[in-house]
Amino acid sequence: MRLVLISDTHSRHQAVAPLPEGDVLVHAGDMTGRGSLDEISAFMDWFAAQPHPHKVLIAGNHDFAFEHSPEAAESLVPSGVTYLRDSGCVIDGVRFWGSPWQPWFHDWAFNLERGDALAEKWALIPKDVQVLVTHGPPHGFLDTVAWPRGARVGCEALAARIPSLGALRVHVFGHIHEAHGVEVAGGVTYVNACVCDLGYAPANAPVCVDL
């Protein structure tokens with residue numbers, strides 16, 4: 001199974017095409033700039049038209065409508081696209097789980113305070129998940145910001161949950177644009193799949209991971 005991983009396209013998705021070929025196209029949130037239903041609809045038209053046999057996505061902190069008007073937003077998800085919100089799916093025997101939450105960041109969507117509130121969300125992740133999709137990174141993995149220079153802003157509670165996920169193979173996320181890249185540790189491939197750079201220009205290529 002080839003995963004094609006993207007995140008943080010911020011309504012600049014047209015600049016990403018053509019995407020690499022693969023079996024599952026995964027978007028780890030921030031499909032829009034301001035989270036309007038019109039932006040979501042335009043993104044879904046593009047996402048659904050991609051040739052990958054399976055498509056999975058979560059919302060991110062810019063995708064306000066998925067938190068504030070979930071019924072309206074989720075009604076825009078077309079057939080053939082799987083939207084995950086603290087939920088999972090199985091594709092060709094591989095178990096996926098997706099969650100949009102991240103540590104509080106200004107007053108954007110899907111914010112929770114660090115500590116117990118986030119730990120409760122990560123406790124929902126099944127121990128047999130193989131591909132984990134979150135919007136924000138775990139602390140210590142591809143979570144370094146430009147300012148304050150060198151600071152790590154990933155979620156400590158998420159990092160604490162990962163060692164108990166014994167089947168985990170891939171963890172894909174975004175949110176921290178300047179930390180785009182791939183890191184392998186403890187048998188897990190961590191991918192910050194942000195397409196947009198710190199200036200919100202679509203500068204980074206999708207990442208492909210073979211299972």
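This is a predicted model: local features need pLDDT of at least 70, side-chain atom pairs count only at pLDDT 80 or more; totals for chains, interfaces and linings use all residues.
Close-up 1. A disulfide is a covalent bond between the sulfur atoms of two cysteines, and here the cut-off for calling one is 2.5 Å between the sulfurs. The structure as a whole holds 0 disulfides. Are these cysteines buried or exposed? Cys194 is buried, with a relative accessible area of 0%, and Cys196 is buried too, at 0% relative accessibility.

**Close-up 2. An open sheet of 6 strands.** Follow the strands across and you get the order β5-β6-β9-β10-β12-β11, with mixed pairing. The edges belong to β5 (87–91) and β11 (181–185); each has a single partner strand, so one side of each is left without a neighbour in the sheet. On average, neighbouring strands here are turned by 15° against each other, ignoring direction. Strands of a sheet pair through backbone hydrogen bonds, either parallel or antiparallel. Zoom in on β10 and β12 (residues 188–192), and you'll find a parallel pair with 4 bridges. One spot to look for is Val170, whose bridge partner in β12 is Thr189.

Close-up 3. Where does Arg169 sit? Its place is the loop that runs between α5 (156–161) and β10 (170–173). Arg169 counts as partly exposed because its relative accessibility is 41%. Leaving aside residues up to four places away in sequence, Arg169 touches Gln130, Gly187, Val188, Thr189 and Leu211. Phe47 is another matter: its C-alpha atom lies 25 Å from that of Arg169, and the two residues are 122 apart along the chain.

**Close-up 4. The two sides of helix α1.** Helix α1 (residues 37–49) has 13 residues and reaches 18 Å from its first C-alpha to its last, close to the 18 Å expected. Which residues of α1 are buried? They are Glu39, Ile40, Phe43, Met44, Trp46 and Phe47. An α-helix has 3.6 residues a turn, so residues three or four places apart point the same way. Among the elements covering the buried residues of α1 are β1 (2–6), β2 (24–27), β3 (54–57) and α3 (70–74).

Key
Residues are numbered from 1 along each chain as its sequence is written. Side-chain values use heavy atoms; hydrogens and water are left out. Buried means under 20% relative accessible area, exposed over 50%, partly exposed in between (1.4 Å probe, protein chains only). Contact means heavy atoms within 4.5 Å. Two strands pair if DSSP finds at least two bridges between them. Axes are lines fitted to C-alpha atoms, for helices over the stretch in contact, and angles run from 0 to 180 degrees between N-to-C directions. The expected span of a helix is 1.5 Å times one less than its number of residues.
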